[in-house]
Each structure stands twice: as C-alpha cells, then as structure tokens.
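Here is a short briefing for a first look at this model. Start with the sequence and structure, then read the points by topic.

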Amino acid sequence: MNAIQVTDLKKTYAGGIEALRGISFEVAQGEVFALLGPNGAGKSTTMRILTTLSTPTGGEARVAGLDVTREGAKVRLRIGYVAQNPGVDQFATGRENLMLQGRLFRLPPDRLAARCDELLRLFGLEDAANRTAQTYSGGMKRRLDVAMGLIHQPEVLFLDEPTTGLDPESRSRMWSEIRRLAQGGLTILLTTHYLEEADQLARRLAIVDHGQIVAEGTPEQLKKKLAGDRVALELARPEQAEGASAALQSVEGVESVVIDAGLLYARVRHGARAIPTLVAALESAGFEVAEVATRRPSLDDVYLAATGHAYHADGDDKPARA
Amino acid sequence: MDFLRDTWYLFGRLVQSSIRMPIFLIISVVQPALWVVLFGQLFRSVATIPGFENDSYIQFLAPGIAIMTSLFSSSYSGMSLLGDIDRGVLDRMLATPASRAALMVSRLLYSAAQVILQATIILGVAVLLGARAKGGLLGLLVVLLAAALLSVALSAFSNALGLLTRRQELILAISNFTLLPMIFSSSMLMSQHLMPGWLGVVARFNPINWAVSSARSGFEGQVGSPTLVSLLLLAAFAGVLTLFATRAFRRYLKSL
C-alpha cells in the first residue's frame, strides 16, 4: 500500500479559479517526495486537500490507505502537517505549544511530557523551551513547527515549503533535520519552489505547473531524459528571438529550442563543441549574439523542458489560469 | 468526551495568552472600575429626576455597567479568531483531531469568563462606592449569569462576522453599528419609566435590555418570574447566535 495515492485530483475555487486540473501521483511508504513548482502552481492546494483542510472538487486522494474526504478524522490522527504559514502560537512558550498540540492529539499526559522533552532536545530548542515563541528566530519557529507536526509520531509528514523565508544557515539545518527524519523511515511529502531543495532532499519529485504535473521521476531520471547540454543565447536584439529560433532549429545536432524572456535555450549533445556552430549559424543568418553560456542539465532544465518557460520561483505567482 | 476535553485545553490556551499580556489584563480590570466611577459621577443628578426608580444612581448603574462590559469585551472575540486565521494557528489546529465545535465553543467560554471577572470587579467597586447588593449572593449570581449569557451571544456574533467578512474593520463597524443603538434603547443608563413610550416598547424586544433588567432585578433583590423570562430569552438568543457562528464556521471550512 502506498502512503499517499492521488488520482486525478481537481480543485476549482469559488470564482472559477482552477487550482488543480487533474493531478495524480503516489508516494511509497518511507519515501521523500517533493512537489516542485512556482507559487500558485497548485502545490499548497494539493497539501491542503491531503491534510483534510480543503475538499477536492474532483478525483480521489488516499493517505495511509484512508480516503481524505470521507475519512478525514481518521486521516488527521495519522498525519503531521507543517503549513507554509507557521502555525506556532506566538504568545505561548515552545513547550506549551507542544503540549497543546499533543493534547489535541490525545496523547496520554505522562507520555506527552516525555515526548515534549524529546522533541525539544531533538530540535535544539531546550534552552528556549520556556520562552514565548515570539522571541524565537525564524529558524527556531520553523523547527518548533516541525516538532509540533511530529508530536504524535505520524505515519506521513506534510511539509509545505519548509525552508521558505529562512536564511541559508537555518535552511541547511532544516535540510539535515528532514534527512534525519527520512532516515528514520518517515514518509514525507514536501513542497518547495527551490529546485536545489527538491534535488537535495527528495527521492522522487513531480514538477507542478498551472495545476498539472508536467514531469515526474527521480532527480536523476529527469535529468537523464535531457541527454546533452543546454546552451543559452542572448541576442543583441531580443525581439528577433523568433527568427533566430528557426535558424537554430535547422542546425544539425540541435534537439530543441525554447524561447523564454527573450533568451534562446538550445539543447545540444555537447555544449562546448556546439557553441561555435550555433553562433556562426546565427551570425550568418543576420542575428547578432550578445552572450552565450552552456551548462550541464540541472532541474532548471527539466523544468524548462517540461513547462516551456524558465524557472522563476517568484516570477509566476499568479494562480493557474482559469 | 473529546469535545469537553478539547474545549478545556483550547480555553486554557486563550486564558494563558491573555495572562501573558499584563497590560491587557490591567486594562480589562481598571477600565470597568473606571466606568463605574465616571458614569456614577457624570449622571449623579439623574437620580433626582422625579419618577426615577432609585435614590442613588450608582445603585441603579452598577448592574447596567456590568452588562455594558460584556458588550465591549465580547465584540473583540472575532478579531482574535481572525488573528489565529492569519497566523496559521487555526489551520494547524484544523489538521489535528481536535473537535471542530470545541474550536468555536472555547472562544465563547473565554469571552464569558472574561466578562464574569470584569462584572465582579464592577460590582465590587460599586459596593465600595455605596451601592448595596440587596439580592445577596443569589442576586449577584443572576447579574453574572446575565452578563455571561449576553457575552456568549455577542462573541458568537463577533466570531460569525469575522468568519463571514474576514475583515477586522467590518467586525468593529458592524458591532458598533448594531450595539450602540441597542444600548441606548435599553435601561442600561436610564430608567425604563423615564423612556418615551415607543422606546419602552422597543426595549422589550432588545436582548441587551433583557440582560440589563434581569441583572438589575438580581442586584435589587427583586428576582421573580420576569427575571426568569428575561434569562430564558437571553439564553435562547445566545443559542441562536451560537448556531449562527457554527454555521459560519462550517461555511468557512467549506470555502478553504
């Protein structure tokens, strides 16, 4: 049985905004799975449906074998949810936050106290345990947040953008916490708009764009699909990109050309060797090249190939077009 | 009895967070006392108007101010709910097995507890200033019960407004818009005998007046069947508004 099974999930909000347009994926037990995409792609909506906070308008989702719409109460007992917006009570101490969370999960009092101590220690919050959360740094609040999501030892942990807004140091600390949890065999579904984060943490990932999954697999599989390198070319006159694209496509060895924000991205078997040929082809067709660069495929390229536009984490925060 | 347990824990959280704000505590204690002194002085000569039912205005005023406090504290209840929504606290609780009803009821209880505390202070200050609790302990309990019921009703209203409008400004605007006319069409500050006839009729259908008149009958030691009727009406009013708030909550959950 998969820990998470999502089949053709759809969500249309009042007002006709289609946040999800038929998403399917599954997460095996003990697996770390990432949903990667820009703001507004539908990641958080998927999370909210899987954690029973939101009801889908179509499709089916099962978590720990339970249907999220029909068996919501049972699902809630078995999952931990760490929302994008940290749900820490600012005016309560770290320990009080954990205690209340544990009580709402109906942990027996003797076990709860021990569990709080354990989590405070695990997340390096012992010294701050009796201070109100409003005195915590962003990284500490996040760690408390994750600790709260783990209070009842859930089977599946949902992390909605666990490192958004954190400084680099807190981020790398959060990454090691997540890796440790994964090593302990916990199933984790995380969303992120950082390519690097998905690459680092997830065993498998799905790229979400405008409410749909556009690519899915392990980071290696996805990168391998894009055999060859990517050459980025900037024209002296970006408005000529269309014509230049046609010129590039006819060059031998060019597999595909994508235009995004005035830049041309050509996929070729060997970047360094192709550059002179590409530049020569453009110049002879009358296009002046201002800049050229090549790189090995990364998740950026997977994203570009899958969606047809380059990855801008915050550049596309509109909801999916209706 | 998960509902009762959850209500208790969530109520405890609200109490704890207000204890963490000493200024808030001090204000909510000092302010009601200030009302008694200020109104008592300002309207002192009202008691000399022929036909006014009491010799001492402070005697008349004390139960009225106790009720007035419940108006003001309770109408803020929805703002704290909106705060929890904005900070993601509500979402986090919704993803736990916590009883949905407890999430709402704990807030209403918290409002009632706050008002009981404030009303007790008001009555105490009034007694220090020369008022007499003629109804004894039972009478005082009637005052507190009336204040608590009204508080449940109004905090339910405030929470419902918050959930339906999702705007703090609107909670305040709508609360003030509805409550101020209700105050001035009740016998909170002025004897019902001295009201123009039509206003007296309006007062009979005014929940604030139900609370004021039952509180006053308790304080004056005149508890009788009219008191009981007012309290029952008030309880029904609180019930209806609580239902309204739970409906609004359910609607909010569906909209997510």
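In chain A, 70% of the contacts with a separation of 6 or more join residues 24 or more positions apart; contact means heavy atoms within 4.5 Å. This is a predicted model: local features need pLDDT of at least 70, side-chain atom pairs count only at pLDDT 80 or more, and totals for chains, interfaces and linings use all residues. Residues are numbered from 1 along each chain as its sequence is written, chains are lettered from A and ligands numbered from 1 in the order in which they are written, and side-chain values use heavy atoms, with hydrogens and water left out.

**Chain A overall**

- Chain A has eleven helices and 14 strands. Helices (H or I, at least four residues) and strands (E, at least two) are DSSP runs, numbered from the N terminus.
- Along the principal axes, the C-alpha atoms of chain A fill a box of roughly 80 × 40 × 35 Å.
- Of its 322 residues, 54% count as buried. Buried means under 20% relative accessible area, exposed over 50%, and partly exposed in between (1.4 Å probe, protein chains only).
- Chain A exposes about 13,600 Å², and carbon and sulfur atoms supply 48% of that area. Accessible areas come from the Shrake-Rupley method with a 1.4 Å probe; for residues, only the protein chains shown count as cover.

**Sheet β2-β1-β4-β5 of chain A**

- Four strands form this open sheet in the order β2-β1-β4-β5, with antiparallel pairing. Two strands pair if DSSP finds at least two bridges between them.
- β2 (18–27) and β5 (66–67) of chain A stand at the edges with a single partner strand each, so one side of each has no neighbour in the sheet.
- Seven bridges join β1 (residues 4–12) of chain A to β2(A). A:Ile4 stands opposite A:Val27 in β2(A).
- Helix α1 (residues 43–50) of chain A lies across β1, β2 and β4 (58–63), at about 65° to β2(A). Axes are lines fitted to C-alpha atoms, for helices over the stretch in contact, and angles run from 0 to 180 degrees between N-to-C directions.

**Sheet β12-β13-β11-β14 of chain A**

- This open sheet has four strands in the order β12-β13-β11-β14, and the pairing is antiparallel.
- β12 (254–260) and β14 (289–295) of chain A are the edge strands, each pairing on one side only.
- On average, neighbouring strands of this sheet are turned by 20° against each other, direction ignored.
- β11 (residues 229–235) and β13 (residues 263–268) of chain A run antiparallel and share six bridges. A:Asp229 has A:Val268 as its bridge partner in β13(A).
- Six bridges also link β12(A) and β13(A). Here A:Ser256 stands opposite A:Arg267.
- The hairpin of β12(A) and β13(A) has two residues between the strands, and A:Ala261 takes a positive phi near 50° there.
- Helix α9 (residues 241–249) of chain A lies across β11, β12 and β13, running at about 170° to β12(A).

**Chain B**

- Which helix does B:Thr120 belong to? It sits in α6 (residues 100–128) of chain B.
- B:Thr120 counts as partly exposed because its relative accessibility is 42%.
- B:Thr120 and B:Gly135 lie 15 residues apart in sequence and 15 Å apart in space, C-alpha to C-alpha.
- B:Met21 is in the loop between α1 (2–19) and α2 of chain B. With 33% relative accessibility, B:Met21 is partly exposed.
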